[in-house]
Amino acid sequence: MIELKEVNFRYPEGKMIFSDFSFNLKRGERVGLIGNNGSGKTTLLRLIMGLLKPDEGDIEILGSLRKTEADFLEVRRRIGLLFQDADDQLFCPSVEEDIAFGPLNLGKTNAEAREMVKHACQVLGINGLEKKITYRLSGGEKRLVALATLVAMNPECYLLDEPTAGLDEATTGRFLGYLRESVETCLIISHDQNFLTKAVDRVYAVKDGGLLPLERGRPGRK
């Protein structure tokens with residue numbers, strides 16, 4: 001589903017993040033990423049979605065090589081990205097408008113979009129927030145609405161950057177149940193290793209521009 005081949009990426013200020021970096025995520029795989037701030041975890045997700053461009057190397061997604069902005073339009077319709085900061089994801093006046101935005105842009109009717117909003121709110125336990133003004137929500141509520149925008153899209157793959165940040169234990173558990181029951185393929189960044197252990201099949205540490213497999217919270221063999 002996703003493959004990066006010998007990718008090099010350096011930020012304009014000169015910091016090298018990836019050098020000859022390769023990674024692949026197959027359909028049906030559930031992978032977690034941990035690592036220090038600045039190690040490249042979020043950069044990886046942004047490269048996959050075409051929000052950043054590699055200096056060298058190839059990015060192949062859903063069976064096609066992706067190079068131009070036009071190439072990534074299909075990727076963004078079929079793969080869902082949760083931003084680390086919910087304020088980067090929410091831009092409509094109300095909760096229901098934010099959640100319905102994706103389905104409407106996929107060509108769904110207003111009635112279909114309303115049903116998708118209803119389903120997403122039920123999944124995440126945020127019924128009653130639909131008419132709320134987005135910027136007046138708490139941090140945890142914003143995180144849940146941002147997640148709901150992805151649930152409503154029903155993407156083929158989820159890329160989640162700190163999905164449980166600001167969520168209480170009960171809400172985290174509800175979201176974990178959704179991941180287990182309804183999400184086939186995902187790549188999740190989280191500092192919560194307990195959550196990752198329950199949500200994914202394998203975990204990598206992003207370190208020194210590479211991936212180090214972890215086994216039961218400890219480094220495994222390369």
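**Pocket linings and the neighbouring elements**

A: In the lining of the second largest pocket, strand β9 provides the largest share, three residues. The model is a predicted one, in which local features need pLDDT of at least 70 and side-chain atom pairs count only at pLDDT 80 or more, while totals for chains, interfaces and linings use all residues. Residues are numbered from 1 along each chain as its sequence is written, and side-chain values use heavy atoms, leaving out hydrogens and water.

Both β2 (16-25) and β9 (202-207) contribute at least two residues to the lining of this second largest pocket; strands are DSSP runs of E with at least two residues, helices runs of H or I with at least four, numbered from the N terminus. A pocket is an open set of points on a 1 Å grid over the protein atoms alone, where a 1.4 Å probe fits, with protein on both sides within 12 Å along at least five of seven lines; lining residues have an atom within 4 Å of a point. The second largest pocket holds about 240 Å³ of space, a volume being the space filled by probe spheres set on the points, which are joined across faces, edges and corners. Its lining has 17 residues, with G35, N36, S39, V206 and K207 the closest to its centre. By class, five are nonpolar, eight polar and four charged (Ala, Val, Leu, Ile, Met, Phe, Trp, Tyr, Cys and Pro are nonpolar, Asp, Glu, Lys and Arg charged, and the others, Gly among them, polar).

The largest pocket has a volume of about 560 Å³. It is lined by 23 residues, and R76, L81, Q89, F101 and M153 are the closest to its centre. At least two lining residues come from each of α2 (69-78), β6, α3 and α5 (139-153), with the largest share, five residues, supplied by α3. This lining comprises 13 nonpolar, five polar and five charged residues.

F101 is partly exposed, at a relative accessible area of 37%; buried means under 20%, exposed over 50% and partly exposed in between (1.4 Å probe, protein chains only). The model has four aromatic pairs, defined by Phe, Tyr or Trp (six-membered) ring centres within 6.5 Å, with planes under 30 degrees apart stacked, over 60 edge-to-face and the rest tilted. F91 and F101 have ring centres 4.9 Å apart and planes at 85°, so this pair is edge-to-face. F91 sits in the loop between β6 and α3 and F101 in helix α3, so the pair ties together parts ten residues apart in sequence. F91 is exposed, with a relative accessible area of 54%.
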